[in-house]
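Let's take a walk through this fold, starting with how its pieces pack together. Keep the 3D view open as you read.

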Amino acid sequence: MQDFLIVGVLNVTPDSYFDGGQYNHIETALKRAGEMIEGGADIIEVGGESTGPGSSDVSLEEEISRTIDIIKAIKSAYPDQDISIDTYKSEVADLAINAGVMMVNDITAGRGDPNMFAVIFKSDIDYVLMYSKDSSARTTVQDLQYDDVIGTIITLLTNQVHKAQEAGIDQSHIIIDPGLGHFVSSIPEYSFTIIDHLQEFTEIAPVFISPSRKSFLAGPQNLPTSKRLPATIEASINCVQNGAKFLRTHDVTEMVKALS
């Protein structure tokens, strides 16, 4: 189970569903990055806009101000550390690439900004295309029903991968994320089905996945995010066993221990 990378989540936002408001400043963000690096994170992913249910739109200027200086600070303190940016805006991605990131994680799979593919192509870095039932970056709470959830996700991601390739992005830089939780449906069973079928997605591209503290893990007791670590660990182990290459998590130290 060692052929995978741990991606530590660093949300520099006031409204993220689990850690909003904790790392909004360079000092606290840098401290948290250091903790995750010490805990075994292979990649630190900086996110400046929450996209979960109830989140608010963030202007381009605000997202830039939240993320770029923090990326530069992490790169300065830890020059060899790999960093990713969680954004669907091409301008943010471009600035983050110039600041030193090696990956862009786009929850819209290129649907949110028509210029994203061109930015990725010229940069020659890794690009994560994520499935979401919503074409915009704002995720809704919806009990969406699927006749074939795996087939639906594979179709959309395959189409977006082809578009990325047509824009010149090399297959070696393409990574896919089938999505989980509200990004797919508010019906929890679909997320567990996706995890069970992850191997099918690896036939398209390496798989990036993030069950971390998500709503589908709340269970019949409707556990709050603070109580979802055991379920997160169990789901994450299943993801890795089923072929995930990148495991995105808020709980780096705990996940490294569980997967070692």
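Axes here are lines fitted to C-alpha atoms, for helices over the stretch in contact, and angles run from 0 to 180 degrees between N-to-C directions. Helices (H or I, at least four residues) and strands (E, at least two) are DSSP runs, numbered from the N terminus. This is a predicted model, where local features need pLDDT of at least 70, side-chain atom pairs count only at pLDDT 80 or more, and totals for chains, interfaces and linings use all residues. Residues are numbered from 1 along each chain as its sequence is written, and side-chain values use heavy atoms, with hydrogens and water left out.

Now the sheet: 8 strands make an open, parallel sheet in the order 6-5-4-3-2-1-8-7. Strands pair if DSSP finds at least two bridges between them. Strand 6 (174-177) and strand 7 (208-209) sit at the edges with a single partner strand each, so one side of each has no neighbour in the sheet. Strand 2 (residues 43-47) and strand 3 (residues 82-86) run parallel, joined by 5 bridges; Val46, for instance, has Ile85 as its bridge partner in strand 3.

| Helix | Strands touched | Angle to strand 1 |
|---|---|---|
| Helix 1 | strand 1 (5-11) and strand 2 | about 165 degrees |

The contact involves Ile26, Ala29, Leu30 and Ala33 of helix 1, plus Asp69, Ile70, Ala73, Ile74 and Ala77 of helix 2.

Technical notes
Contact = heavy atoms within 4.5 Å.
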